Amino acid sequence: MNGPGTAPDSGLGEETEDVRVGVYVCHCGGNISDVVDVKELAALSAEYPHVVVAKDYPFMCSDPGQALIVEDIKAHGVNRVVVASCAPALHEQTFRRALQRGGLNPYLYEHVNIREQVSWVHKADHAAATRKSLALVRAGIEKVVRQDPLEALRVSAERRVAVIGGGVAGMKAALAAAGAGLAVTLFEKGPALGGRLPELGRVFPTEDEGAALSRRMEEEVRSQPAIEVRLGAEVRRVDGFVGRFSVEAGDGPPVKAGALIVATGYDPYAPAPGEFGAGGPLTVTLPEFRAALEGLTEGPLLTWKGRPIRDLAFIHCVGSRQVEGIHAPQADGKVNDYCSRVCCTATLQTAERVLDRHPGTRVYDCYRDIRTYGRGHEAIYERAARKGTLFFRYREDAPPTLVEEGGRARLRVKDVLTWDTEVDLPVDLVVLATGMVPRDIGALADSQKLPRGADRFLQEAHPKLRPVELANNGIFLAGTAQAPMTVDEACAAAGAAASKAAQLLLPGEIQLDPFIVALKPERCDGCGACLDACSYTGSLTLSGEGPGRRVEVNPALCKGCGACVAVCPTRALDIAGWGLDQFEAMADAIAAV
Amino acid sequence: MTASATVSASAATLDVDVLVVGGGIAGLQSALEAAEQGRKVLVVERQPSIGGRMINLSKVFPTLDCASCITTPRMASAAHHPNITIRTYSELGPIRREGPRFTSTLRQKARYVDEAACIGCKRCEEACPVFVPDEYEHALGARKAIRIPFTNAIPQTAVLDMDHCTLCGLCAKACPTDCIDFLQEDAEIPVTAGAVILATGHELTSMAAKPEYGRAALPNVISPMQAERLLAPHGAYGRVLRPSDGKIPDSIAYVQCAGSRDASLGVPYCSRVCCMYAVKQAMLLSGSLPVADITIYYMDIRAFGKGYEQFVASARAMGINFVKAKVARIREDADHNPIVRIERQEAGGTVEEVRHDLVVLSLGMLPGADPEREGFAGVLRDADGFVRTPEAKLSPTLTDEPGIFVAGTAAGPKDIVDSIQDAGGAAMEALRHLRSNGLEGRP
Ligand SMILES: Cc1cc2nc3c(=O)[nH]c(=O)nc-3n(C[C@H](O)[C@H](O)[C@H](O)COP(=O)(O)OP(=O)(O)OC[C@H]3O[C@@H](n4cnc5c(N)ncnc54)[C@H](O)[C@@H]3O)c2cc1C
Ligand code: SF4
Ligand code: SF4
């Protein structure tokens, strides 16, 4: 490793103020310090030019960790800060705020990732990991000493949220947003509000009528003057960006909204013809069966399409928890490897209902695991069992098969509970507990490049901490567009999404990171190469004629991708906070270690 | 309130828009959601630090993020928020409705340390000669009678445990700011609020609940929180060792539903997180002890959340054994090796006795507070003991008292992400309540 003297020349001009860098190395409670020698890293960093303090600490993100920075700004006149810790996605904002508390411009900060990029990936070679950390820290120092203070961009924000989808999550999100003082436009592509809730029959575990719940909520929505409902309004595309989206839907003019809440819901899984006998007269999907059940006349025996049903079987996990190599892939070549969360409880509730209304019908339940996880769910399982449901457990690689030989159909199940005995159940009807699949919201998703996970549901920004935010600024998620969930879970998520929208829009102004293109007009010769490179139409424009031709920047549209910087022959363009001189100095610093 | 029960004259009423009871992840998140919308919030936490269960975990399913790394910043943002006041080591008295608002009294327990003067330097902790089992490490380690609760605790203020203090005075001599006060008394502070969010969380079912499992007397049968601390990067031993003899365990077993789904124990419900935390811990164990055999005895694996089924699939692929069996009994041999009697539910249905080095009981969740006993206005508890939610489907965070809402595990077992979602929902209901009752500005 190089000593202090061999560092590349800082290249800073005479005019630079007294640059005083503080370097802070985080142990991450062992995540980093078990691999990287944090003491040595701090000691070597302290010797680097411009560094006035370098410290290590168990958790830099903790209160006392952040306090170290604030104190050093005040006590040692630190005016540039480097923290070597985890990924910037986690804590860059945390430390910028600490700088602010110390009275420093928050952009005079560089975040160096020595966890994901060092300790987690170089566990075997501690010395090399420490050396790499030093290289990254020195690069961070070189970058931050060339950093100018920046101001956040401010864009004015429309105090209206567009809720896309008028199911229970969409209605709840609209009510919550209106309750917080926002204007709301609720777009529903169908002719009525309610989504799938009115078709659910009685919902577990409260046994409320889905249709009644939906009506109640719709009345509340209609009574709110702040909510405009647009029916028959499928959202075709969304333009613009946070604070100023423009939503095109149905026949009406585009609606301006500051934020979007996507509540477009799910589709029920449609079994392939022949899958567990699907398509034939002996099977029905769980949603279809539930929608019909309450309309059937009560009596000792369930009657289905004119046939008495003496033996009724349920099969769980149809179209869910699929395993590659066992289940046939879906249209896109993938299997549905997720659990649909609601179908176990819905199945057992339905089984209990059948037994209550038709005590003469025998009920069999073929499952893989019973997932009655929620409040009041286990009691439904217990009651369905007590009232006579017989359970059979099948393995994913030996699913039940419907055989029709002789007079009566049989469901052949290899039952784990009786030690893999093959049992033939006589059946008159088989209910397939089909789960949820992600909906195709093609045009909407494409026009804003909404991220999807491996399961093809919309993917939140962080699965634990930011469950209702998308990575796209200003777009939030509510309900089953994100993942299978129950009505109550969708309602909680809708409230959380509305809360995020309200926090964003109520101040009337949104702050954005200032990392966008900066022009040095004296260097621009008006060649226009940058316009061709830019993918965000309108960010760059040419004005003036002949030798006076210059490029102009629209800060509201620029995304700071830097494509223009790379093609500019005169180096007239740079990204604020990510200058070419900064990159060059970083590369030199890394090469010198 | 008696005048003698207060330390200082600082009994000025804490007057806020939203009172949050409980400083776990659900409480902190709902506080942040309300504060970010301009509301004044008070968070009352019983423990000496905020953070609840989550700050005490190793890593979290299904992302395997280190729990400290993702909890600490939430704790810090709440602590630094200009609209949020936090009172730790405080008990809230009954909540009464007075007109459209709620009132209560907060009893701030004596820390025997002047909070304003303590700089968190730990000199007192170093000086103290008394060792006590550490609650934060679930008795796997020791702490001093006076200590900062844990490295990333908020606030970083020492707290003295008078039950174990010998009044030797060494801490007071060591303290550079002279902030230790052996005569400090509890303080009572009146509180008023326009809305309340109950985020009182959960407790774990008892290790001794099922007598067949050794009545908490077998040293190598441990609780899941002890397992979390063994696995935490900065945890009790810094590595995985078993308690009785410090041996590295080669064979570890998890007993699922140990305390849940059993009406005879008064816990008929599923605790919802124990399948997933067991799978998570099994994966972490197999990471730190690559040669160990890890077995999970279960009835159903309840991996219902987003990405959870896939998480379990990767655990299977790592070689974790999932055995569908009921555990009838646990005893130990002369070397304290737990012997688990299982009744297989598959593969012949045999009854076997299996010896392991370490056994973890996957305990379930009990309510953290009883709203009726606490006297939280008209809030009722349900048959399961958790806060009753009369509008369970459409407004799952409403309680029986208008203006009081519930978030997180206070309303039944839940994991972190579901608690966070709940918290956002509860905050929105609280703000809507403030608006529609003209409680916008405080008097
Ligand atoms: C062993 C184990 C492992 C787990 N692992 C994971 C995991 O990997 N991933 C995951 O998603 N979830 C996990 N969980 C679940 C997770 O811990 C909870 O979902 C979450 O912490 C619940 O947060 P909470 O805020 O609702 O409750 P808590 O964290 O319990 O917070 C409640 C707070 O309220 C305080 N309080 C209670 N009553 C009062 C009162 N009257 N006055 C003042 N304060 C009061 C308590 O002291 C506590 O600090 C795990 C749980 C366990 C037991
Ligand atoms: S909820 Fe039950 S039926 Fe539905 S996919 Fe999950 S395990 Fe299968
Ligand atoms: S989550 Fe799993 S271990 Fe916990 S009670 Fe439910 S089924 Fe049992």
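Author: Contact here means heavy atoms within 4.5 Å. In this predicted model, and leaving out residues up to four places away in sequence, A:R393 touches A:Y367, A:R368, A:D369, A:K414, A:D415, A:V416, A:L417, B:Y298, B:K324 and B:E346.

Reader: Why is A:R393 called buried?

Author: The relative accessibility of A:R393 is 6%. Buried means under 20%, so A:R393 counts as buried. The residue is found in strand β21 of chain A, residues 390–393.

Reader: What makes the approach of the A:R393 side chain to the backbone oxygen of A:R368 a polar contact?

Author: The side chain of A:R393 reaches that oxygen of A:R368 at 2.6 Å. A polar contact requires N or O atoms within 3.5 Å, one able to donate a hydrogen and the other to accept it.

Reader: Why is B:R302 called buried?

Author: B:R302 has a relative accessible area of 2%. The limit is under 20%, and B:R302 is therefore buried. Its place is the loop between β17 (293–298) and α7 (308–317) of chain B.

Reader: Which polar partners does B:R302 have in chain A?

Author: The side chain of B:R302 forms a polar contact of 2.7 Å with the side chain of A:E378. A polar atom of the B:R302 side chain also lies 2.6 Å from the backbone oxygen of A:I370. Beyond four places in sequence, the contacts of B:R302 include A:R371, A:T372, A:Y373 and A:Y381, as well as B:R261, B:C270, B:C275 and B:M276.

Reader: How is the size of the interface between chain A and chain B expressed?

Author: The size of an interface is often given as the accessible area lost when the parts come together. For chain B and chain A this is about 6200 Å², with 54% of it on carbon and sulfur atoms. In chain B, the residues losing the most area to chain A are B:K306, B:K393 and B:L394, together 15% of what that side buries. By contact, 77 residues of chain B meet 85 residues of chain A.

Reader: How do you know that β12 and β13 of chain A are paired?

Author: Two strands pair if at least two bridges are found between them. Three bridges join β12 (residues 244–249) to β13 in chain A, and the strands run antiparallel. The pair therefore meets the criterion. One of the bridges links A:S246 with A:K256 in β13.

Reader: What makes β11 and β13 of chain A edge strands?

Author: The open sheet of three strands in chain A has the order β11-β12-β13, with antiparallel pairing. Strands β11 (235–241) and β13 (255–257) each pair on one side only. From one strand to the next, the twist averages 25°.

Key. Residues numbered from 1 in each chain as written. Chains lettered and ligands numbered in written order. Predicted model: local features only at pLDDT ≥ 70, side-chain atom pairs only at ≥ 80, totals over all residues. Heavy atoms only, no water. Helix = DSSP H or I, 4+ residues; strand = E, 2+ residues; numbered from the N terminus. Buried < 20%, exposed > 50% of the residue type's maximum accessible area, 1.4 Å probe, protein only. Axes fitted to C-alpha atoms, helices over the stretch in contact; angles between N-to-C directions. Buried area = accessible area lost by both parts, 1.4 Å probe.
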